[in-house]
Amino acid sequence: MIKYAVKTDVGVVRSENQDRVAVFQNGNTTLAVLCDGMGGHNGGSFASSITIAAIETEFKKGIKPNKIEEWFHDAISRARQDMIKFAKKDAKLLDMGTTLTAALVLEDNIYVINIGDSRTYLYNGYLHQITTDHNLRNHYIEHFGYSKEEAAKVMGAMALTSALGPKKQIKVESFVIPKSENPNYLVLTSDGIHDYISKPNFESILST
């Protein structure tokens with residue numbers, strides 16, 4: 001059984017922590033999930049909580065090794081539909097949204113998905129960022145050939161281009177990590193971590 005730890009903190013700016021994280025295990029299968037509710041939108045905490053609950057429900061049904069992408073798609077679709085149902089109580093909640101990153105650990109491979117700018121990292125002596133942030137900065141790099149320096153100067157560069165919600169543009173990216181990469185740790189973070197801790201400091205913490 002894989003060992004894990006969870007840490008979250010409300011910080012010093014907001015009165016509410018809209019991050020949600022969970023780890024589900026069944027035999028040799030482990031699923032880690034992190035959601036960061038969109039703080040500037042109505043219902044960010046609802047969006048992240050609903051997503052975690054929907055994924056747990058789907059996890060309990062079981063995951064077939066040859067249908068992992070289909071399983072992730074079903075879990076994401078269920079979360080979105082559950083948000084839509086919940087928003088019938090209050091139309092303002094239709095604007096709710098959350099990021100999502102998840103890592104599914106099986107015997108041979110690790111499967112990672114990402115929506116938004118929460119991240120999954122692998123640490124094996126060095127820190128490797130597996131996911132790509134879905135924000136305006138990376139959009140300009142990918143589609144318009146901007147350098148990282150040029151894209152960082154774009155107005156609203158950190159604004160999300162993908163999120164999970166009733167009315168959000170949803171882009172799902174998936175990644176496969178072979179166990180031959182010898183991961184010591186998988187680390188899932190929200191931007192409250194990776195926007196403030198440098199990579200050298202991050203690696204130093206993990207190494208000890």
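Reader: How much space lies in the largest cavity?
Author: About 30 Å³ of space lies in the largest cavity. A cavity here is a set of points on a 1 Å grid over the protein atoms alone, where a 1.4 Å probe fits but cannot get out. Points are joined across faces, edges and corners, and the volume is the space filled by probe spheres set on them.

Reader: ok, and what are the ground rules for this model?
Author: The model is predicted, so local features need pLDDT of at least 70 and side-chain atom pairs count only at pLDDT 80 or more, while totals for chains, interfaces and linings use all residues. Residues are numbered from 1 along each chain as its sequence is written, and side-chain values use heavy atoms, with hydrogens and water left out.

Reader: What's the mean pLDDT of the chain?
Author: The mean is 93, and 97% of the residues reach 70 or more; pLDDT is the predictor's confidence in each residue, from 0 to 100. Helix α5 (residues 191–194) has the lowest confidence, at a mean of 90, and β3 the highest, at 98. Those labels are DSSP runs numbered from the N terminus: helices are H or I with at least four residues, strands E with at least two.

Reader: Back to the cavity. How many of 30 Å³ or more are there, and which residues line the largest?
Author: The structure holds 1 of 30 Å³ or more. The lining of the largest is Ile55, Trp71, Phe72, Ala75, Ile76, Leu100, Ala102 and Ile113, where a lining residue has an atom within 4 Å of a point.

Reader: Which element gives the most to that lining?
Author: α2 does, with 4 residues. Both α2 and β3 supply at least two each.

Reader: And nonpolar, polar or charged?
Author: The lining has 8 nonpolar residues, no polar and no charged. Ala, Val, Leu, Ile, Met, Phe, Trp, Tyr, Cys and Pro count as nonpolar, Asp, Glu, Lys and Arg as charged, and the others, Gly among them, as polar.

Reader: Where does α2 lie?
Author: Helix α2 (residues 68–87) lies across β2, β3, β4 (109–115) and β7, at about 35 degrees to β4. Angles run from 0 to 180 degrees between N-to-C directions, with axes fitted to C-alpha atoms, for helices over the stretch in contact; contact means heavy atoms within 4.5 Å. Helix α1 (residues 44–61) lies across β1, β2 and β3 (100–105), at about 5 degrees to β1.

Reader: What's the strand order in the 5-strand sheet?
Author: β1-β2-β3-β4-β7, an open sheet with antiparallel pairing; strands pair if DSSP finds at least two bridges between them. β1 (19–26) and β7 (173–178) are at the edges with a single partner strand each, so one side of each has no neighbour in the sheet. The twist averages 10 degrees from one strand to the next.

Reader: What joins β1 to β2?
Author: 8 bridges join β1 to β2 (residues 29–36), and the two run antiparallel. They form a hairpin with 2 residues between them, and glycine 27 in the turn has a positive phi of about 65 degrees. Aspartate 19 stands opposite aspartate 36 in β2, and valine 23 opposite alanine 32.

Methods
On a 1 Å grid over the protein atoms alone, a cavity is a set of points where a 1.4 Å probe fits but cannot get out, and a pocket is an open set with protein on both sides within 12 Å along at least five of seven lines; lining residues have an atom within 4 Å of a point.
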